[in-house]
Amino acid sequence: MKKLICMIVLACAVSFTANAQDLKSILQGLAGAVVGDKVTTAASLIGTWDYVGPECQFKGDNLLVNAGGEVAAAKVEEQMKKVMDKLNINTIQFIFNQDGTCSYTMKKKTVNGTYTFNEQDKTVVIKVGKKGLTVTAHVVTLGTNMSFVFNADKLMSALKTITGAASKVNSTASTINSIANNFNGMMLGFELKKQ
């Protein structure tokens with residue numbers, strides 16, 4: 001009788017382990033499809049995109065960390081809203097054209113440039129101005145929404161390039177740095193909505 005019970009328990013354990021691995025692979029495949037493996041393409045960037053709000057994401061495959069990251073991200077986005085408002089990022093509008101040209105407008109000032117999209121890394125490199133200043137952002141498009149985020153330690157230089165207002169960015173540096181230093185693998189930026 002003990003052998004029969006042990007065999008049943010062993011069979012259940014093997015079955016559970018196989019199902020857990022299948023579930024994990026299904027979830028990872030689904031997450032990959034949603035996060036941009038198939039959805040975010042050069043064509044999905046084309047259009048006019050308006051600022052919606054700050055965006056915080058965490059890099060990593062650990063589902064438990066990511067679940068906890070959602071709570072942390074909401075708190076970080078709350079703090080980042082003040083920074084974005086102060087820098088007038090909340091007025092930004094991006095236009096990505098099919099020919100590789102782009103522009104963004106903030107407070108009625110338009111900056112023209114070019115962009116390249118890296119399909120594998122899901123990054124867009126924007127080059128602007130006579131000096132050819134570049135900004136690299138990680139992008140994910142889902143329907144009419146786009147997350148446009150930077151590695152937290154690169155956010156300051158990206159905001160200086162985009163806003164052209166180094167003094168305003170420098171005055172908010174301590175806020176951004178204190179946020180970035182609290183979390184590993186954090187990416188900060190903003191969410192955009194397609195017109």
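Let's start at a turn. S5 and S6 form a hairpin with four residues between them, and glycine 129 in that turn has a positive phi of about 75°. Helices (H or I, at least four residues) and strands (E, at least two) are DSSP runs, numbered from the N terminus. Two strands pair if DSSP finds at least two bridges between them.

A word on the source. This is a predicted model, where local features need pLDDT of at least 70, side-chain atom pairs count only at pLDDT 80 or more, and totals for chains, interfaces and linings use all residues. Residues are numbered from 1 along each chain as its sequence is written, and side-chain values use heavy atoms, with hydrogens and water left out.

S5 and S6 (residues 133-142) are antiparallel, with six bridges. Threonine 123 lies in S5, which covers residues 123-128. Is threonine 123 buried or exposed? Threonine 123 is buried, at a relative accessible area of 9%. Buried means under 20% relative accessible area, exposed over 50%, and partly exposed in between, with a 1.4 Å probe and protein chains only. Leaving out residues up to four places away in sequence, threonine 123 touches Thr116, Phe117, Asn118, Thr136, Ala137 and His138. Contact here means heavy atoms within 4.5 Å.

Next hairpin. S6 and S7 have two residues between them, and glycine 143 takes a positive phi near 65°. These two strands pair in the antiparallel sense over five bridges. Threonine 141 has methionine 146 in S7 as its bridge partner.

On to the last pairing on my list. S7 (residues 145-151) runs antiparallel to S8 (residues 186-194), over seven bridges. Serine 147 is bridged to glutamate 191 in S8.

Now the whole fold. Eight strands close into a barrel, in the order S1-S2-S3-S4-S5-S6-S7-S8, with antiparallel pairing. From one strand to the next, the twist averages 35°. For that angle, axes are lines fitted to C-alpha atoms, for helices over the stretch in contact, and angles run from 0 to 180 degrees between N-to-C directions. The protein has five helices and eight strands. Along the sequence the pattern reads α-α-β-α-β-β-β-β-β-β-α-α-β.

Now the aromatics. How many aromatic pairs does a search of the whole structure find? The search finds nine. Phenylalanine 94 and phenylalanine 148 have ring centres 4.9 Å apart and planes at 40°, so that pair is tilted. Rings of Phe, Tyr and Trp (its six-membered ring) pair if their centres lie within 6.5 Å; planes under 30 degrees apart count as stacked, over 60 as edge-to-face and the rest as tilted. Phenylalanine 94 sits in S2 (residues 93-96) and phenylalanine 148 in S7, so the pair ties together parts 54 residues apart in sequence. Phenylalanine 94 is buried, at 2% relative accessible area. Phenylalanine 148 is buried too, at 1%. The rings of phenylalanine 148 and phenylalanine 150 have centres 5.8 Å apart and planes at 85°, so this pair is edge-to-face. Ring pairs link Tyr51, Phe94, Phe96, Tyr104, Tyr115, Phe148, Phe150 and Phe190 into a cluster.

Finally, the totals. Of the 195 residues in the protein, 36% are buried. Among contacts with a separation of 6 or more, 60% are between residues 24 or more positions apart.
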